[in-house]
Amino acid sequence: MEYSTLGQRFILGLEVTVIGMLIVFAVLALLCWIISLLSGFLQRFEKPKKAAEDELPSLEIDETQEYKSVEKTGFTSGEANVIDADDEEIAAILAAVAFECDIPLSELKIKSIKPVKE
């Protein structure tokens, strides 16, 4: 069949476009179905991990316990022997130690900070 007129060529192009789009959407729907099928199959193997996570203790905050706030103001000074660390690392270490020991920063005394060589 020969398409000699402009109208016939336009209709042929429209048919090819519609058929191409139908094929693409059919393949996408097939891929979606395969992925959901594989997802459901793989979730069967993940259930033991979720059960193990449920056994971990929860990290909920006990609202009945009274927390003592760490003193944020005050005078801090002193000298420390610091090897291979910048000011931000030192500040982070001091804050972590003060928080963990529940000691205000003004009362904390650090004599030296050294990196641990493995």
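Begin by colouring the protein chain by pLDDT, the predictor's confidence in each residue, from 0 to 100: in this predicted model, confidence is highest in helix H1 (residues 6-54), at a mean of 88, and lowest in strand E1 (residues 81-82), at 72. Helices (H or I, at least four residues) and strands (E, at least two) are DSSP runs, numbered from the N terminus. For the protein chain the mean pLDDT is 79, with 75% of residues reaching 70 or more.

Because the model is predicted, local features need pLDDT of at least 70 and side-chain atom pairs count only at pLDDT 80 or more, while totals for chains, interfaces and linings use all residues. Residues are numbered from 1 along each chain as its sequence is written, and side-chain values use heavy atoms, with hydrogens and water left out.

Next, show the whole chain as a cartoon, where two helices and two strands make up the secondary structure, following the pattern α-β-α-β along the sequence. Of its 118 residues, 4% count as buried, where buried means under 20% relative accessible area, exposed over 50%, and partly exposed in between (1.4 Å probe, protein chains only).

Now select residues 20-42, where UniProt, in an unreviewed entry, places the feature "transmembrane region"; the positions are in the numbering used here, feature names are shortened, and annotations may be inferred rather than shown by experiment. The span is 100% helix and 0% strand, and its end C-alpha atoms lie 33 Å apart.

Phenylalanine 41 is partly exposed, with a relative accessible area of 45%, whereas phenylalanine 45 is exposed, at 55%.

Move on to helix H2 (residues 87-101), whose 15 residues reach 21 Å from first C-alpha to last, close to the 21 Å expected at 1.5 Å a residue; the expected span is 1.5 Å times one less than the number of residues.

Most residues other than glycine have a negative phi, but aspartate 102 has a positive phi of about 60° although it is not a glycine. Aspartate 102 counts as partly exposed, at 40% relative accessibility.
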